[in-house]
Amino acid sequence: MVRDAIEMHLPDEYWVEAELSECREHSGHCYMELIEKDEHSNTPVARAAAKCWRQTWIMVKPNFERTTGTPLRAGMKVLLRVYAQYHEAYGFSWIVSDIDPTYTLGDMARRRQEIIRQLKEEGVFDMQRELKLPLFAQRIAVISAPNAAGYGDFCRQLEDNAYGFRFSITLFPAIMQGEQVEATIIAALNSIFATTATSPVASASIPSDLPPFDAVVIIRGGGATADLSGFDTLALAENVAQFPLPIITGIGHDRDESIIDMVSHTRVKTPTAAAAFLIDNLRRVSESIEQAETFILNYVNEHIRFQQQHITNLTTLIPTLAQRLLSDSHHRIELLQGRLPIAIERRLTAQQHLLEQTALKLQGFDPKLLLSRGYSITLFQGKAIRNPQLLKPGDEIETLMEKGTVTSIVR
Amino acid sequence: MNQEMKYEAALAELQGIVHKMESNELDIDQLTEQLKRAQQLITLCKDKLTKTDEEIKKILAETK
């Protein structure tokens with residue numbers, strides 16, 4: 001009777017929004033419990049069972065996982081196409097004929113945004129990126145599943161690197177898929193941090209407030225996409241964001257970043273990329289050392305060679321200069337020697353000239369010349385006299401003429 | 001970690017020596033002395049990259 005009533009009033013298929021409080025697979029079928037929660041108190045106000053039979057589930061499940069990247073799991077919000085079924089033995093149940101994965105995807109995205117917003121509000125979102133990866137980052141703490149191919153690849157790559165760089169790797173195991181992701185990774189981070197106090201380097205003289213590692217690497221492996229939703233939780237993000245060492249995440253996927261990728265120091269696509277990143281970090285240091293070395297050697301060689309050249313130059317220069325000085329002096333002496341006779345000659349000639357001229361001049365002053373011209377000289381008492389006033393009558397004067405002398409008496 | 005500081009400081013000192021040479025600050029005596037120091041730093045850093053901590057400890061113990 002109940003069955004008829006239900007079949008009559010709920011004959012069709014309906015799209016139903018609900019939260020999954022349970023989700024189990026058994027014999028190929030999927031058994032779910034749907035609940036509706038009160039908006040404010042989070043307590044369930046409605047509950048129903050839902051089943052998805054194997055022939056439907058076989059198609060619905062992969063479609064859901066492909067779109068959302070994660071299997072159906074308790075706690076998710078889902079949009080189901082259902083029809084009602086009442087079975088006398090089992091009671092009422094919805095039978096699921098389809099699931100709309102985009103609804104769940106939308107809800108997951110909304111939840112991620114919410115977590116991101118909260119992380120930013122707490123001020124921790126960017127904390128990791130304020131840390132500096134050490135230049136000599138060689139002590140690596142790895143969080144990964146021990147048997148994962150990714151972990152093996154990572155170690156091998158670091159051990160066999162072409163440059164001969166040495167790393168020391170310590171594994172802190174965790175479960176990298178499913179529901180255990182958050183708990184085990186946080187536990188691993190705590191283990192890493194716990195090594196701080198017991199680090200062998202820490203001693204009375206060198207207190208240490210950091211674990212004895214240069215970086216943490218969280219990797220998971222080998223290609224396969226499935227199930228990254230475990231990496232999108234608030235608690236995990238908070239732990240990663242506030243960790244005191246830089247964390248490199250290589251979760252390995254091609255869709256959008258997980259929240260853990262957003263808060264980590266560096267994100268890489270694969271474990272091999274993480275290894276390459278660490279190797280490259282050292283390579284840059286190695287390169288700058290080589291460059292410095294080359295420069296210094298070249299510079300010193302150049303400088304020494306320059307100085308040696310300088311000294312050699314001076315050494316050859318000095319005798320040359322000395323030689324030139326000597327020959328210059330010789331030259332000057334020779335020049336002077338050459339000029340001497342000429343100078344002397346000229347001087348003598350000049351003097352001779354002067355003498356001749358003087359002689360001529362003197363000749364001009366010879367009194368005889370005057371006398372020959374008709375002049376006469378009058379002498380009184382042997383001396384030439386020029387002033388007649390000095391003579392009185394009766395004085396005797398002599399008059400010199402060209403051809404003789406006349407004696408006269410003044411009247 | 002303090003260990004890391006030591007090597008990063010060594011690298012910084014090395015760059016400092018390069019800088020001094022580039023600006024021709026050094027006379028011939030300082031040049032020789034700085035060259036020796038640079039070679040020490042270079043060996044230190046290169047060893048850090050390519051040897052494990054135990055090997056380095058051994059080397060340091062030997063040279064004492």
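Which residue is the bridge partner of E13(A) in β4(A)? The partner is Y83(A). The model is predicted: local features need pLDDT of at least 70, side-chain atom pairs count only at pLDDT 80 or more, and totals for chains, interfaces and linings use all residues. Residues are numbered from 1 along each chain as its sequence is written, with chains lettered from A and ligands numbered from 1 in the order in which they are written.

Strand β1 (residues 13-26) of chain A runs antiparallel to strand β4 (residues 77-87) of chain A, and seven bridges join them. Strands are DSSP runs of E with at least two residues, helices are runs of H or I with at least four, and both are numbered from the N terminus. Two strands pair if DSSP finds at least two bridges between them. β4(A) also pairs with strand β5 (residues 91-99) of chain A, antiparallel, over eight bridges. A hairpin of three residues joins β4(A) to β5(A). In β5(A), V96(A) stands opposite V82(A).

An open sheet of five strands in chain A has the order β7-β6-β8-β9-β10, with parallel pairing. Its edge strands, β7 (168-173) and β10 (266-267), each pair on one side only. Within chain A, strand β8 (residues 215-219) and strand β9 (residues 247-250) run parallel and are joined by four bridges. G250(A) in β9(A) stands opposite I219(A). Helix α4 (residues 149-159) of chain A lies across β6 (139-144), β7 and β8, at about 165° to β6(A). Such angles run from 0 to 180 degrees between N-to-C directions, with axes fitted to C-alpha atoms, for helices over the stretch in contact.

The largest nonpolar core has 59 residues, of which V142(A), V216(A), V217(A) and A237(A) touch the most other members. Helix α8 (residues 271-365) of chain A gives the largest share of this core, eight residues. Apart from it lies another core, of 16 residues, including M76(A) and V96(A). A nonpolar core is a set of buried Ala, Val, Leu, Ile, Met, Phe, Trp, Tyr and Cys residues joined through C-beta atoms within 7 Å. Buried means 20 or more other C-beta atoms within 10 Å of the residue's own, exposed means 12 or fewer, and partly exposed lies in between, with C-beta atoms placed from the backbone.

Chain B has three helices and zero strands. Of its 64 residues, 17% count as buried. The contact takes 25 residues from chain A and 24 residues from chain B. Residues are in contact if their C-beta atoms, placed from the backbone, lie within 7 Å. On the side of chain A that touches chain B, α8(A) gives the largest share, 12 residues.

How values were computed. Two residues are in contact if their C-beta atoms, placed from the backbone, lie within 7 Å.
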